[in-house]
Amino acid sequence: AVVSTQSGHYGRDFNNEKFEGANYSKLLAAFEQGSLKTQSSLSLLNSGQQIIITAGITASMYLAVQQILSGNMSVGDLVMINLLLIQVAQPLNFLGSIYREIQQSHTDMRKLNDLLSNRPSLQECSDAVTAAAPCRGDIVF
């Protein structure tokens, strides 16, 4: 039991646990900040898009009601215009979501390629020797 406890301490002492933990925390904080910026800009974009679409539909409905009151259109025409505008506006929301997903996938793939092209900071020694006989890991008493 004492040897296993000491081994645990050696592993913790020599694997640079504090540095790795601090580095991970720093990277996680940067990721959280980026996620918040992305969510904020996306929310602003969606709100702006909805305001524009709603203003357009409201203006179209107002003009159609004016035409109904002047006798140039029927109530059925108003319903047709309303349905047509709503059917045009719905795919715009869907296309925005698809565009965002494609952009995010492209960014993820670029980051993965950057990560795969990185070389490790620790390199193998030039005079490293290959082990003569691989250990199978059997425990014999």
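Q: So what classes of residue make up the lining of the largest pocket?
A: Three nonpolar, five polar and two charged residues. Gly is counted as polar here. By the way, this is a predicted model, so local features need pLDDT of at least 70 and side-chain atom pairs pLDDT 80 or more, while totals for chains, interfaces and linings use all residues. Numbering runs from 1 along each chain as its sequence is written, and side-chain values use heavy atoms, without hydrogens and water.

Q: Which residues line the largest pocket?
A: Among them are Leu-27, Phe-31, Arg-100, Gln-104 and Asp-108. Helices H2 (17–70) and H3 are the elements that give two or more residues to that lining, and H2 gives the most, with seven.

Q: How much space lies in there?
A: About 270 Å³.

Q: And the second largest pocket, what's its volume?
A: About 170 Å³. Its lining includes Leu-42, Asn-93, Tyr-99 and Arg-100, and H2 and H3 each supply at least two of its residues.

Q: Switching topic: how many helices and strands does the chain have?
A: Three helices and zero strands, in the pattern α-α-α along the sequence.

Q: What share of the chain is buried?
A: Of its 141 residues, 5% count as buried, meaning under 20% relative accessible area with a 1.4 Å probe, protein chains only; exposed is over 50%, and partly exposed is in between.

Q: Is Ile-102 buried or exposed?
A: Exposed, because its relative accessibility is 51%. Ile-102 lies in helix H3 (residues 75–117).

How values were computed
Helices (H or I, at least four residues) and strands (E, at least two) are DSSP runs, numbered from the N terminus. On a 1 Å grid over the protein atoms alone, a cavity is a set of points where a 1.4 Å probe fits but cannot get out, and a pocket is an open set with protein on both sides within 12 Å along at least five of seven lines; lining residues have an atom within 4 Å of a point. Grid points are joined across faces, edges and corners, and a volume is the space filled by probe spheres set on the points.
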